[in-house]
Amino acid sequence: MFLRFRKSRILLGMTIAFLIATLTHSLFAADPLFADAQALISLGARVAGTPTAERASELLIDRYKKLGYEVEVQTFTYPKFFDAGSSLSIDGKTIEAWAMVRSIAGNPSGRLVAVPNYGKPEDFKTVDVRNQIAIVKRGGGVQFIQKIENAAAAGAIGVLIVNNQPGNIRGMLMKPSTIPAASLPQDVGTSLLEQAQKTTVQATLTVKAQPDALGRNVIAHLPNVKQPKLIIGGHFDSVENSPGANDNASGTAVVLGIARSLAKSPAAKQIWFMAFDGEEDGLKGSEAFVDRATQPFLSGLKAMLNFDMVGVNDRLLLDGSGTMTSIAQSITGDVNSSRFGGSDHASFKSKNVSTLFFFRGKDPNYHSPNDKTVDPRLLKETQDEALKIVQKVLQ
Ligand SMILES: [Zn+2]
């Protein structure tokens, strides 16, 4: 009896949970703006140059194509260190290692040679590291790059640095290394160091260091639209460790939402829709775009509208430059001039294109792992406000 009672309670609970889930799902599924934002957020941090950012660009390409737009991907590179997954392999076992920032890539194989003390030049005199991999402790007043250069001078083909505190450390080098260098967490590294003192340990160090990031701007427009009057854009990349919901799945979804709303209208023949990459590294995507655009192309633009962080905070802040301040004012009455600079519209403004920036201000989750939700109502409001302005600009 007790059991049956519990079972039925569980069943009832499950049914209710299922109904709620179905209802919520269908409510939001009916809202493509929110669905697009969610799809980007669920990919995780979209750091420029990483496979996740590439997946995000593919998702956007797919969405735009389904709306009937043609899509171009504009790639660009810029200096940005990236560890694509470095490791140490011993007896077929793989241990995670972290590439030192500015290490060269490579995968040397050899014996692990434990270097005494902290890797000063004299410490290398007591051991033979020629054509082997040196393993040495962090600290002792010897900088990472000094340990690496001392090892290289003694003939080592790779260096492992063992952290002197729990966990691993992403070591920064003052200048690029000449041999691959990576760090190990304190526990794993210390036991390897001790092992190497006692016996022969053969290892392969794989440092997957990439000195440059490859960014991808997604550009969508109707077939044969070569000279738009308007560019509507927002960045889709995010900072490390943040799913970038408000910053900036929100703006990316709104740009896509405007493209969806206008797909069948004549207005779409005068617009390029863009998702910029590399914004968080200093507006790299929009900078690459304006740098490659010809002067006639830029002069042919009436305006650039940028959307960044529009899914949190009730008040929509508009910031205009050039002709866009008065045009936006005639519709909303509440427009600032050049108060907020740090987003992709700044690249266009620097080329004398009139800009309008849609923004709702920072929130406590800005650039943190907690930036994981957006308000569907605010996305919709931003889109509706933008559509009014787009109509006015294209009149
Ligand atoms: Zn942003």
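## Helix 6

Helices (H or I, at least four residues) and strands (E, at least two) are DSSP runs, numbered from the N terminus. This is a predicted model, where local features need pLDDT of at least 70 and side-chain atom pairs count only at pLDDT 80 or more, while totals for chains, interfaces and linings use all residues. Residue numbers start from 1 along each chain as its sequence is written.

Helix 6 is also mostly covered, with 17 of its 18 residues buried. Buried means 20 or more other C-beta atoms within 10 Å of the residue's own; exposed means 12 or fewer, partly exposed is in between, and C-beta atoms are placed from the backbone.

R63 belongs to helix 3 (residues 51–66). It counts as buried because 24 other C-beta atoms lie within 10 Å.

Leaving out residues up to four places away in sequence, R63 touches D36 and L256; a contact means C-beta atoms, placed from the backbone, within 7 Å.

## The whole chain

The protein chain has 11 helices and 16 strands. It splits into domain 1 (31–82 + 213–393) and domain 2 (85–207), with bounds from an automatic or database domain assignment. The C-alpha centres of the two domains are 43 Å apart.

A compact globule of 395 residues would have a radius of gyration near 21 Å, but the protein chain comes out at 27 Å. That radius is taken over C-alpha atoms, and the globule rule is 2.2 Å times the number of residues to the power 0.38. Along the principal axes, the C-alpha atoms fill a box of roughly 80 × 80 × 35 Å. Buried residues are 43% of the 395. Of the contacts with a separation of 6 or more, 76% join residues 24 or more positions apart.

Eight strands make an open sheet with mixed pairing, in the order 1-10-12-11-13-16-14-15. Strand 1 (70–83) and strand 15 (335–337) are at the edges with a single partner strand each, so one side of each has no neighbour in the sheet. From one strand to the next, the twist averages 20°. Helix 7 (residues 284–292) packs on this sheet, touching strand 1, strand 10 (209–221), strand 11 (230–235) and strand 12 (271–276), and its direction makes about 125° with that of strand 1. Axes are lines fitted to C-alpha atoms, for helices over the stretch in contact, and angles run from 0 to 180 degrees between N-to-C directions.

Strand 14 (residues 317–320) and strand 16 (residues 355–359) run antiparallel, joined by four bridges; strands pair if DSSP finds at least two bridges between them. L317 stands opposite F359 in strand 16.

## Strand 8

Strand 8 (residues 181–184) is covered on both faces: A181 and S183 on one side, A182 and L184 on the other, all buried.

Strand 4 (residues 98–99) pairs with strand 8 in the antiparallel sense over two bridges, and W98 stands opposite S183. Strand 7 (residues 158–162) pairs with strand 8 in the parallel sense over four bridges, with V162 having L184 as its bridge partner.

Terms used
Contact = placed C-beta atoms within 7 Å.
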